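Q: Could you take me on a close look at one part of this model, the paired strands towards the end of the numbering given here, and the charged side chains that go with them?

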Amino acid sequence: GSRRGATAHASMSSELLAVRWAPDGAAILLAANDGTLYEIDARSLEVSRQVAWDGGMAIDAALSGDARTAVFGRGGKISIRDVATGRERVALEYPGGGNGREISLSRDGRRLAAPMSDGRVRVWDAESGEVLSDVGRGPSHPSVVALSPDGARLVEGGLSELTLGDADSGGKLGSLDLKGKRARVVEFSPK
């Protein structure tokens with residue numbers, strides 16, 4: 001359902017997992033852990049639209065840079081949704097992996113990446129759900145991933161290392177030793 005006119009702070013009781021400006025700057029999109037998408041008017045800070053996901057609680061979410069695609073993940077399941085309608089476009093399950101945390105969506109919303117519990121990172125075509133690559137680099141299990149704006153490259157961070165790779169082939173392009181530190185957040189610059 002859709003709700004209009006409520007003040008943002010009064011109507012949200014869930015944890016916010018992802019925040020993104022709409023491309024025109026007129027609205028702010030929020031994805032909450034209860035699976036609700038909120039569109040907030042940037043001037044009044046009132047909820048102009050609210051769309052609920054019936055899939056239950058989410059533990060991670062991502063929004064595409066073009067603000068057209070939202071992704072919710074939980075317990076090895078990922079739901080890729082159209083922001084305008086709230087409808088699910090693709091439902092993904094990834095066996096033997098993933099807890100739905102730290103999912104990354106390319107800026108255009110065409111590719112999705114997520115770390116798996118067995119140390120691999122899976123990359124999907126977010127429009128069809130087709131697996132594009134499974135990247136496995138060994139015992140340094142990735143805890144965070146980010147796709148480049150064009151979706152062609154992938155950076156993954158884990159215990160002591162950041163690795164840059166090709167999102168299609170999974171080939172390693174380079175790495176950075178974090179000197180015993182753990183990566184918590186990784187992101188590409190917009191350009």
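A: Happy to! Two strands pair if DSSP finds at least two bridges between them, and the strands themselves are DSSP runs (E, at least two residues), numbered from the N terminus. This is a predicted model, in which local features need pLDDT of at least 70 and side-chain atom pairs count only at pLDDT 80 or more, while totals for chains, interfaces and linings use all residues. Residues are numbered from 1 along each chain as its sequence is written, and side-chain values use heavy atoms, with hydrogens and water left out.

Start at strand 13 (residues 142-147), which runs antiparallel to strand 14 (residues 153-166) and is joined to it by 5 bridges. Here Pro 142 sits opposite Gly 158 of strand 14. The two strands make a hairpin with 5 residues between them, and Gly 151 in the turn has a positive phi of about 75°.

Strand 14 also pairs with strand 15 (residues 172-182), again antiparallel, over 6 bridges. This hairpin has 5 residues between its strands, with Gly 170 at a positive phi near 80°.

With a relative accessible area of 26%, Glu 161 is partly exposed (buried is under 20%, exposed over 50%, partly exposed in between, with a 1.4 Å probe and protein chains only).

Technical notes. Helices (H or I, at least four residues) and strands (E, at least two) are DSSP runs, numbered from the N terminus.
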